[in-house]
Amino acid sequence: MSPGTAWGPTRWIAAALLALAPSVGSGGHLQGQDRLLQGELVVELPSVPEPVPVSLAYVLQPGPGATEVELTLLAPGSTAIRALEARWDGGRLPLRMDEIRPRYWTGAIRLPAVGQPTFSLRIDYRVDGAWGDDGRIVLPLITPVWVPQDPHPRTFVAGITVPPGLTVTESFPTSVVARPESARGGRYEIALQGVPAMLVLRTVPGEAPFLTLERLLDILVVSLLLVMGAFGVRHLRREGT
């Protein structure tokens, strides 16, 4: 097994927290029987800090009487969305996102036909201002408000292709589950039980150091669990005497 392929404790905790926070509509209510079946993100990072192309694909299952899909976008810091395009099952359609409060946008796409069991929605755009001076890359994601039909660890899968000479050392909101063997470039994969509002990567030139923040957090969580277990055993032994 290559480094980063196993699910560490912090990854399980992040996935659990995400599963406990279902998406809601702008009115604060769950979207009835409308469901997200699958989400996928495809990103190819350029070799120099320039706009990052983003491609999102969602498989959606509308409930009875549904006529549109509400979408949201949180674009923090200096990030901005350009060249936005949307397609339903291959056909292009208009998509407009309106800023309803600072750095937060909403929009909606009408369903192409009422009564169809599932739809495939693809959204493409470019992220300006994604690169930070510290190697951090922030990718805001346009997300549907519909909750997952059956949340599982791969409800949402992100594939990030990195050019040679660059290594991803950390990611948020969860850790990388698959990575290239070296800094010669390749595909990183991140999997979640739901669709995050953004994806944040930290990159370094060349090979990654051994003690990354992810590894330190994993070590801290494991150490804490071991200490708690030791105290529990001592407490049980005292009660038994």
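Colleague: How many bridges join strand 3 to strand 10, and do the two run parallel or antiparallel?

Modeller: Two bridges join strand 3 to strand 10 (residues 143-144), and the two strands run antiparallel. Strands here are DSSP runs of E with at least two residues, helices are runs of H or I with at least four, and both are numbered from the N terminus. Please note that this is a predicted model, in which local features need pLDDT of at least 70 and side-chain atom pairs count only at pLDDT 80 or more, while totals for chains, interfaces and linings use all residues. Residues are numbered from 1 along each chain as its sequence is written, and side-chain values use heavy atoms, with hydrogens and water left out.

Colleague: Which residue is the bridge partner of threonine 72 in strand 10?

Modeller: The partner is threonine 143. Threonine 72 also stands opposite threonine 106, which belongs to strand 7.

Colleague: How many bridges join strand 3 to strand 7?

Modeller: Seven bridges link strand 3 with strand 7 (residues 104-110), and these two run antiparallel. For two strands to count as paired, DSSP must find at least two bridges between them.

Colleague: In what order do the strands of that sheet come?

Modeller: The order is 6-7-3-10, four strands in an open sheet with antiparallel pairing. Its edge strands are strand 6 (98-101) and strand 10, each of which pairs on one side only. In general, strands of a sheet pair through backbone hydrogen bonds, either parallel or antiparallel.

Colleague: How many bridges join strand 6 to strand 7?

Modeller: Three bridges join them, and the two strands run antiparallel. Aspartate 98 has threonine 106 of strand 7 as its bridge partner.

Colleague: What lies between strand 6 and strand 7?

Modeller: There is a loop, and arginine 103 is found in it. Arginine 103 has a positive phi of about 70° although it is not a glycine. Arginine 103 counts as partly exposed because its relative accessibility is 29%; buried means under 20% relative accessible area, exposed over 50%, and partly exposed in between (1.4 Å probe, protein chains only).

Colleague: Where does the charged end of arginine 101 sit?

Modeller: It sits over the ring of tyrosine 104, 4.3 Å from the ring centre. That description requires CZ of Arg or NZ of Lys to be within 6 Å of the ring centre and within 35 degrees of the ring normal.

Colleague: Back to strand 3, then: how many of its residues are buried?

Modeller: Strand 3 (residues 68-74) is mostly covered, with five of its seven residues buried. Valine 69 is placed in this strand, and it counts as buried because its relative accessibility is 0%.

Colleague: Which residues does valine 69 touch?

Modeller: Leaving aside residues up to four places away in sequence, its contacts include Leu60, Trp88, Ile109, Leu111 and Trp146. A contact means heavy atoms within 4.5 Å. Valine 69 and aspartate 34 are 35 residues apart in sequence and 8.8 Å apart in space, C-alpha to C-alpha.

Colleague: Which members of the largest nonpolar core touch the most others?

Modeller: Among its 47 residues, they are Leu41, Leu56 and Ile160. Such a core is a set of buried Ala, Val, Leu, Ile, Met, Phe, Trp, Tyr and Cys residues joined through side-chain atoms within 4.5 Å. Beyond residues up to four places away in sequence, isoleucine 160 touches Leu41, Val43, Leu45 and Tyr188, among others. In soluble globular proteins, nonpolar side chains tend to be buried together.

Colleague: Changing topic, is aspartate 128 buried or exposed?

Modeller: Aspartate 128 counts as buried because its relative accessibility is 18%. It lies in strand 8 (residues 119-128), and its side chain makes a polar contact with the side chain of arginine 126 at 3.3 Å. A polar contact is a pair of N or O atoms within 3.5 Å; within protein, one must be able to donate a hydrogen and the other to accept it, and residues adjacent in sequence count only if both atoms are side-chain atoms.

Colleague: Which peptide bond is cis?

Modeller: The bond from phenylalanine 172 to proline 173 is cis, with omega near 15°. Proline 173 lies in the loop between strand 13 (166-172) and strand 14 (186-192).

Colleague: Finally, how many helices and strands does the chain have?

Modeller: The chain has two helices and 15 strands. Of its 241 residues, 43% are buried.
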